[in-house]
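Here is a short report on one protein model. Keep the sequence and the 3D view open while reading.

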Amino acid sequence: AIAAGVGLGVAAVSAAGAMGSGRPLAGKSGTQLIGNELGKVPPFYFATGGNVPFIVDLCCSDLERRKKTNADINWIDSFTQADPANVEKEALLRMTIKNFCDNSRKQKKTKVKPLTTVQVIELLLYYLVTLPDPLCGGENFDLFREVHHKHSQTSDTSAWIAALCDGIIQLPNKNRMTMTRILEMNHVVVQDESDKLADLLTERFSPVIFSEPYPVIEEEIESPEEGESEEKAKDNEEVPPEPEKKSRLRRLFKRSNDEVNETLHNQLHNPEGEHLASSYKVLITKFDEADAILKEHPISRRK
């Protein structure tokens with residue numbers, strides 16, 4: 001049975017205390033991978049087909065491979081322990097995420113096979129919680145919420161799935177295909193497992209799929225003290241010392257170390273409110289039915 005309510009929020013992430021509920025101003029998004037709107041991310045960051053970020057596709061494929069080849073993995077423990085905040089704390093994960101962000105061929109050579117299952121989940125969640133809005137697009141949330149309230153209390157899951165798919169089809173291509181890829185991976189992992197795992201996957205992923213738009217954090221700009229002119233304020237500003245000149249070899253060595261040791265400071269979201277838990281759960285437990293509907297409506301090149 002599809003539970004009408006499953007735990008909301010990203011439990012382990014919230015416990016880490018490293019999450020924020022807002023997002024940076026839209027003007028800050030540029031050509032980077034992390035923290036950028038899917039529609040603005042450059043093409044070289046996407047997997048074959050051009051609609052699913054390479055980091056998402058690789059992590060999902062690796063988790064599916066582990067599910068099919070390693071029966072000893074405790075998936076409930078793995079998804080419970082995974083904390084995306086660790087990506088900014090552990091040197092190996094920092095280096096891996098920076099490889100994914102590389103805009104050269106180095107990105108496509110990134111491997112996650114040497115990582116633990118928990119670490120792969122952390123990388124995937126890290127990317128998702130740094131998106132500036134949930135995959136439903138935020139502004140489309142009301143549509144999905146209406147479907148959820150209309151169908152979640154009925155026994156006709158086919159009509160429920162069809163209505164959810166109608167909403168997914170309306171999303172921009174990259175949001176639609178990235179969401180579908182995550183749903184597919186969840187479906188593979190949950191096969192032959194307890195209903196508790198389906199609830200846990202819902203708890204970890206539904207907040208970054210179905211949520212209202214994240215609030216924008218307005219940055220406060222300090223103004224000169226009363227009575228102090230702007231020119232005087234500029235005069236009082238500290239002038240940073242000129243960087244020490246170093247040989248090319250020393251600069252390269254320092255840059256190599258900085259790539260491992262540099263602290264990441266990306267906005268991690270902890271979406272609050274309603275996340276349509278039972279709707280998400282029905283999509284992952286009956287993904288084959290949803291996938292068949294979605295395949296009847298190919299993506300539009302204009303979206």
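Ala292 counts as partly exposed, because its relative accessibility is 42%. The cut-offs are these: buried means under 20% relative accessible area, exposed means over 50%, and partly exposed lies in between (1.4 Å probe, protein chains only). Ala292 sits in helix H13, residues 287-295. Helices (H or I, at least four residues) and strands (E, at least two) are DSSP runs, numbered from the N terminus.

Ala292 lies 127 residues from Cys165 in sequence, yet their C-alpha atoms are 9.9 Å apart in space. Cys165 is buried, at 0% relative accessibility.

## Basis of the model

This is a predicted model: local features need pLDDT of at least 70, side-chain atom pairs count only at pLDDT 80 or more, and totals for chains, interfaces and linings use all residues. Residues are numbered from 1 along each chain as its sequence is written, and side-chain values use heavy atoms, with hydrogens and water left out.

## Overall build

The protein has 13 helices and zero strands. Of its 303 residues, 47% count as buried. The accessible surface comes to about 16,300 Å², and carbon and sulfur atoms hold 49% of that. These areas come from the Shrake-Rupley method with a 1.4 Å probe; for residues, only the protein chains shown count as cover.

Residues 24 or more positions apart account for 83% of them. Contact means heavy atoms within 4.5 Å.

## The H6 and H7 pair

Helix H6 (residues 141-151) packs with helix H7 (residues 157-169) at an angle of about 175°, and their axes are 10 Å apart. H6 is therefore roughly antiparallel to H7. Axes are lines fitted to C-alpha atoms, for helices over the stretch in contact, and angles run from 0 to 180 degrees between N-to-C directions. Angles under 35 degrees count as roughly parallel, over 145 as roughly antiparallel, 65 to 115 as roughly perpendicular and the rest as oblique.

From H6, the contact uses Leu143, Phe144, Val147 and His151; from H7, it uses Ala159, Trp160, Ala163, Leu164, Gly167 and Ile168. Eight of these residues are nonpolar, two are polar and none is charged. Here Ala, Val, Leu, Ile, Met, Phe, Trp, Tyr, Cys and Pro count as nonpolar, Asp, Glu, Lys and Arg as charged, and the others, Gly among them, as polar.

## Val147 within H6

Val147 belongs to helix H6. Val147 is buried, with a relative accessible area of 12%. Leaving out residues up to four places away in sequence, Val147 touches Ser152, Trp160, Ala163 and Leu164. Ile161 is 14 residues from Val147 along the chain, and their C-alpha atoms are separated by 9.4 Å.

## An enclosed helix: H12

Helix H12 (residues 277-285) is largely enclosed by the rest of the structure, because eight of its nine residues are buried. The buried ones are Ala277, Ser278, Ser279, Tyr280, Lys281, Val282, Leu283 and Ile284. They pack against H6, H7, helix H8 (173-190), helix H9 (195-209) and H13.

Leu276 is in the loop between helix H11 (248-261) and H12. Leu276 is buried, at 1% relative accessible area. Its phi is positive, about 50°, although Leu276 is not a glycine.

## Other loop residues

Asp192 also has a positive phi without being glycine, near 60°. Asp192 lies in the loop between H8 and H9. It is exposed, with a relative accessible area of 81%.

Asn51 occupies the loop between helix H1 (11-16) and helix H2 (54-69). Asn51 is buried, at 13% relative accessible area. Its contacts, not counting residues up to four places away in sequence, are Phe46, Asn173, Lys174, Met177, Thr178 and Ile299. Glu90 is in the loop between helix H3 (75-81) and helix H4 (91-101). Glu90 is partly exposed, at 29% relative accessibility.

## Cysteines

How many disulfides does a search of the whole structure find? It finds zero. A disulfide is a pair of cysteine sulfur atoms within 2.5 Å. Cys59 is in no disulfide; its nearest cysteine sulfur, that of Cys60, is 7.1 Å away. Cys59 is buried, with a relative accessible area of 0%.
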